[in-house]
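Please open the model in your viewer and keep the selection panel at hand. This tour moves from one selection to the next and says what is found at each stop.

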Amino acid sequence: MSVRIDGVVLLDKPAGMSSQGAVTAVKRAFNAEKAGHTGTLDPMATGLLPICLGEATKYSQDLLDADKTYIAQVQFGSRTDTGDAEGEVVEAFDLPIFADQTAIQKALDQVLHQFTGAIKQVPPMYSALKRDGKPLYEYARAGVELERTPREIIIHRIRWTDIQWPQATLEVSCSKGTYIRVLAEDIGTALNCGAYLIGLRRTEVGHLNLEQSFTLESIQKSLQESSTYILPVDALLQTLPHLTVDEQQAKRLEMGQRVPLNLPSIEALVRIYRATAAPHNFIGTADWRSGVLHPKRLISQAH
């Protein structure tokens with residue numbers, strides 16, 4: 001019989017596993033009633049996959065919208081149909097010839113200037129984006145190429161961390177909706193020699209990072225107490241300002257009622273707690289507008 005567990009597990013997803021497969025494995029390991037993730041990682045990719053259990057699933061959207069950081073290994077000299085090593089090579093190119101390592105570094109550094117800040121990116125055919133209710137990858141597998149509208153994304157930081165030509169490793173911090181496979185392909189196009197991903201590891205999602213994560217093997221073998229692996233529900237919301245309310249105000253909010261509250265200055269979206277005496281007792285998020293606190297997403301207190 002499954003049990004109610006509320007919290008967040010930071011998983012270091014292994015290669016070859018889908019994000020949904022990882023959610024199912026973690027849910028089973030904790031015998032949890034409900035679980036969900038905060039945005040997919042390709043099966044080939046490894047790294048940080050925050051998994052929400054129970055009431056934490058109400059806040060998964062907050063991390064879907066968060067910035068992400070990746071370490072990407074890029075192979076130059078050819079393109080694949082999927083943009084990564086899992087696809088078939090569809091085009092090969094002659095590699096540029098460089099005089100020495102300094103020339104390689106200079107050329108690769110220069111090309112990154114056009115991939116910094118707000119840029120346009122065309123979503124790949126091999127993606128879960130839907131057209132007429134069907135994911136694009138289903139069209140792609142059937143050999144159908146559909147026109148896609150370029151979308152604006154933001155590359156906050158991008159740099160090469162290692163270059164062993166014709167391979168190189170890239171660290172990228174970017175906005176939601178960025179396809180690192182497409183970024184690698186576009187860099188290859190800019191260098192006139194094609195490129196595709198041969199490795200991808202996500203290291204940060206919003207304020208959460210890989211150093212806080214656990215492997216699936218560790219979780220499944222219960223190498224530590226189960227509570228060690230589970231962060232509190234509001235671990236997803238640590239970047240929001242917090243507000244402590246008293247017990248009476250908390251009860252009103254939990255019943256969906258608005259609470260008059262005079263605050264000198266506060267951001268519109270606040271994180272609130274159930275009682276002043278217990279500031280660790282998270283009850284949900286609320287909007288503060290014109291002297292009134294409006295309940296937004298509250299967690300169920302019933303067990």
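Begin by selecting Gly256, which comes just after helix H8 and takes a positive phi of about 85°. Helices here are DSSP runs of H or I with at least four residues, strands are DSSP runs of E with at least two, and both are numbered from the N terminus. This is a predicted model, in which local features need pLDDT of at least 70 and side-chain atom pairs count only at pLDDT 80 or more, while totals for chains, interfaces and linings use all residues. Residues are numbered from 1 along each chain as its sequence is written, and side-chain values use heavy atoms, with hydrogens and water left out.

**Helix H8**

Now select residues 247-254, which make up H8, and colour Gln249, Ala250 and Leu253, which are buried. Buried means under 20% relative accessible area, exposed means over 50%, and partly exposed lies in between, as found with a 1.4 Å probe on protein chains only. Seen down the axis of H8, these buried residues fall within an arc of 100°, so they line one face of the helix; the arc is that of the directions from the helix axis to the C-beta atoms. The face turned away from the buried side carries the exposed residues Glu247 and Gln248. At the start of H8, a side-chain oxygen of Asp246 reaches to within 3.2 Å of the backbone nitrogen of Gln248.

An α-helix has 3.6 residues a turn, so residues three or four places apart point the same way.

Select Ala168 in strand S11, which spans residues 167-174; Ala168 counts as buried, at 3% relative accessibility. Ala168 and Leu108 are 60 residues apart in sequence, yet their C-alpha atoms are 9.1 Å apart in space. Leaving aside residues up to four places away in sequence, Ala168 touches a set of residues including Ala72, Phe76, Leu108 and Trp160.

Then turn to Gln75 in strand S4, residues 68-76, which is buried with a relative accessible area of 15%. Its side chain makes a polar contact of 2.8 Å with the side chain of Gln167. A polar contact is a pair of N or O atoms within 3.5 Å; within protein, one must be able to donate a hydrogen and the other to accept it, and residues adjacent in sequence count only if both atoms are side-chain atoms.

Select residues 46-53 for strand S3, of which 8 of the 8 residues are buried, so it is largely enclosed by the rest of the structure. Two strands pair if DSSP finds at least two bridges between them. Strand S1 (residues 7-13) and S3 pair in the antiparallel sense over 7 bridges, and the bridge partner of Leu10 in S3 is Pro50. S2 and S3 also pair in the antiparallel sense, over 3 bridges, whereas S3 and strand S12 (residues 195-205) pair in the parallel sense over 2 bridges.

**The cysteines**

Cys52 is buried, with a relative accessible area of 0%, and Cys174 is buried with a relative accessible area of 0%. A search of the whole structure finds 0 disulfides, a disulfide being a pair of cysteine sulfur atoms within 2.5 Å.

**Asp42**

Finish at Asp42, in the loop between strand S2 (35-37) and strand S3. UniProt lists Asp42 for "active site" in an unreviewed entry; its positions are given in the numbering used here, feature names are shortened, and annotations may be inferred rather than shown by experiment. Asp42 counts as partly exposed, at 31% relative accessibility, and touches Lys13, Met17 and Arg181, not counting residues up to four places away in sequence.

Note on methods. Contact means heavy atoms within 4.5 Å.
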